[in-house]
Amino acid sequence: MKKISRRSFLTVCGAAAAAAALTACGGSASATASSAAGQAAGTLSGNVATGGSTSMKNVIAALTEGFAEVEPGVTVSYDPTGSGAGITGATDKTLDIGLSSRALKDDEKNDVDGTIVALDGIAIVVNKDSKVADLTVEQLKKMFTGEITNWKEVGGDDGEIVLVGREAGSGTRDGFESIVDVKDSCKYAQELTATGAVISAVEANPLAIGYASLSAVGDTVAMVTVEGVECSEDTVKDGSYKIQRPFVFVTNKSAALSEQAQAFVDFATSKDAADLIRTAGAVPVNE
């Protein structure tokens, strides 16, 4: 993993950058500029409470490790409770930073701001024994709504399709269902509470299909292409892969962030964090 020096962090996250970052999050730029000018890197302490999206686990772990190199006195905690809970936590101020793997809805924007730190492809995963290598968005729609029920209808072996998805409130589920246009109409055989559980269920069942964050998919399952396009960093970034969503830091509009929380936001949105985000399997937006 790329080491991040305090010198580079100071260059990126000085007073001007901090002011711009907080302005984007709905806070006071002048107040942040003052605190940044008076607070040298490596001298902060305290905790930054984050929580929400389970799909952002690897990204948060990488950012936390990198941030510890420049601010070793700060502890970043992470509670993987799902995107809905992350947004609620930022809204009710029980979290410094909520984590959401979907864009904020219009009504949520009344209380919180969202800052995109990375992009994520939602990979369509099948068992490694599956003969199906490519699906269209329309086929996915028909499969997940129960119109297509047998693998032979999409080029696979004869067998009933087993649909594996996430629980209600999951950002991954919301992202997938919104993009494929199957919201609240999926015929799931299993609704699971974590990305890893979906992958494990598909790994264990030759007839299963599910969806999972690109950053979480290893070699235990196969990713199908969607309309001939693989799910990868390049295809997510250029927009050619259709099933993708943002990774969002959610902050309360009415409460100023602590110095340590603001420093973590500044770090996560800096160019220095790009390689960390990439190492975690997501696509950086600032580099």
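**Exercise 1. Decide how helices α4 and α10 are oriented to each other, and which residues make their contact.**

Solution. In this predicted model, local features need pLDDT of at least 70, side-chain atom pairs count only at pLDDT 80 or more, and totals for chains, interfaces and linings use all residues. Residues are numbered from 1 along each chain as its sequence is written, and side-chain values use heavy atoms, with hydrogens and water left out.

Step 1: helix α4 (residues 57–70) and helix α10 (residues 259–268) pack at about 110 degrees, with axes 10 Å apart; axes are lines fitted to C-alpha atoms over the stretch in contact, and angles run from 0 to 180 degrees between N-to-C directions.

Step 2: α4 and α10 are therefore roughly perpendicular, the word for 65 to 115 degrees, whereas under 35 is roughly parallel, over 145 roughly antiparallel and the rest oblique.

Step 3: the contact (heavy atoms within 4.5 Å) is made by Leu63, Thr64, Gly66 and Phe67 of α4 with Gln260, Ala263, Phe264, Phe267 and Ala268 of α10.

**Exercise 2. Classify the ring pair of phenylalanine 144 and tyrosine 188, and state whether these residues are buried or exposed.**

Solution. Step 1: rings of Phe, Tyr and Trp (its six-membered ring) pair if their centres lie within 6.5 Å, and planes under 30 degrees apart count as stacked, over 60 as edge-to-face and the rest as tilted.

Step 2: the centres of phenylalanine 144 and tyrosine 188 are 6.2 Å apart and the planes stand at 75 degrees, so the pair is edge-to-face.

Step 3: buried means under 20% relative accessible area, exposed over 50%, and partly exposed in between (1.4 Å probe, protein chains only); phenylalanine 144, at 0%, counts as buried, and tyrosine 188, at 12%, counts as buried.

Technical notes
Helices (H or I, at least four residues) and strands (E, at least two) are DSSP runs, numbered from the N terminus.
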